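Welcome, and please open the model in your viewer.

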Amino acid sequence: MRFLLTQERQHLLMERMRVLQRSSPEIEAAALISTDGLIIASALQPEINADRVSAMSASILSLGEQIGSEANLGKLEQVHIQGEKNHVVLMAVGEGAVLTALVAGQAKMGVLLLDMRHCAEDLMKLLSIEE
C-alpha cells in the first residue's frame, strides 16, 4: 500500500511515535512501515539501518499473517520477538502499515503493549485523514 504524505503529516506521525517513546522509555526506537516494507515515518537511532529494519518488519508481519491464517488465529494484531537482551514488537496499524518498536529487555510488556496499541490507533487515524 502506498501512502502519499505531506511533510506536515509525516511530522505528525513522527511526533506521535516520539510521544510513545516518552511515555514508554523502554522503547528505544520506533518506525511506521508500510506492508510493502517502505518507511513511512521513523524515530530510529542513526546507527540502525532503517531500510533493513523496514524490509525485515514487512517480511515478519507477512509470515505472522500466514501462520495466523494457517492456525486459524484470526486477524494478526502483533508479533513479539524476544531476544537475550531486547525485544522487537510489531503491531498492525490498519491494513497497510505496521508499527515496529525496539524495546529494552527489562520492559514491563503489559503497559508497553497498551501504549503501543493506543499509538497504533492514533497513527491509523493520522494515515486515514484526507488531504
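Contacts between residues 24 or more positions apart make up 53% of the chain's contacts with a separation of 6 or more. Keep in mind on this tour that the model is predicted.

**Stop 1: the whole chain**

Switch to a cartoon view. You will find three helices and five strands, and following the sequence gives the pattern α-β-β-α-β-β-β-α. The radius of gyration is 14 Å, close to the 14 Å that the globule rule gives for 131 residues, so the chain is as compact as a globular protein of that length. Along its principal axes, the C-alpha trace spans about 40 × 35 × 25 Å.

Of the 131 residues, 40% count as buried.

**Stop 2: helix H2**

Select residues 50-70, which form helix H2. How far apart are its end C-alpha atoms? They are 30 Å apart, which agrees with the 30 Å that 21 residues should span at 1.5 Å a residue.

Next, colour the buried residues of H2: Val53, Ser54, Ser57, Ala58, Leu61, Gly64 and Gly68. Look down the axis of H2: these buried residues fall within an arc of 135 degrees, so they line one face of the helix.

What covers that buried side? Show strand E1 (27-34), strand E2 (39-43), strand E4 (86-93) and strand E5 (97-104), which are among the parts that cover the buried residues of H2.

On the face of H2 turned away from its buried side, pick out the exposed residues Asp51, Arg52, Ile67 and Glu70.

**Stop 3: the two ends of H2**

A side-chain oxygen of Asn49 comes to within 3.1 Å of the backbone nitrogen of Asp51.

Move to the other end and select Asn72, which sits just after H2. This residue lies in the loop between H2 and strand E3 (78-82). Asn72 is not a glycine, yet it has a positive phi of about 55 degrees.

Is Asn72 buried or exposed? Its relative accessibility is 69%, and the cut-off for exposed is over 50%, so Asn72 counts as exposed.

Key: Residues numbered from 1 in each chain as written. Predicted model: local features only at pLDDT ≥ 70, side-chain atom pairs only at ≥ 80, totals over all residues. Heavy atoms only, no water. Helix = DSSP H or I, 4+ residues; strand = E, 2+ residues; numbered from the N terminus. Expected span 1.5 Å × (residues − 1). Buried < 20%, exposed > 50% of the residue type's maximum accessible area, 1.4 Å probe, protein only. Arc of directions from axis to C-beta. Contact = heavy atoms within 4.5 Å. Polar contact = N/O pair within 3.5 Å; in protein donor to acceptor, adjacent residues only side chain to side chain. Rg over C-alpha atoms; globule rule 2.2 N^0.38 Å.
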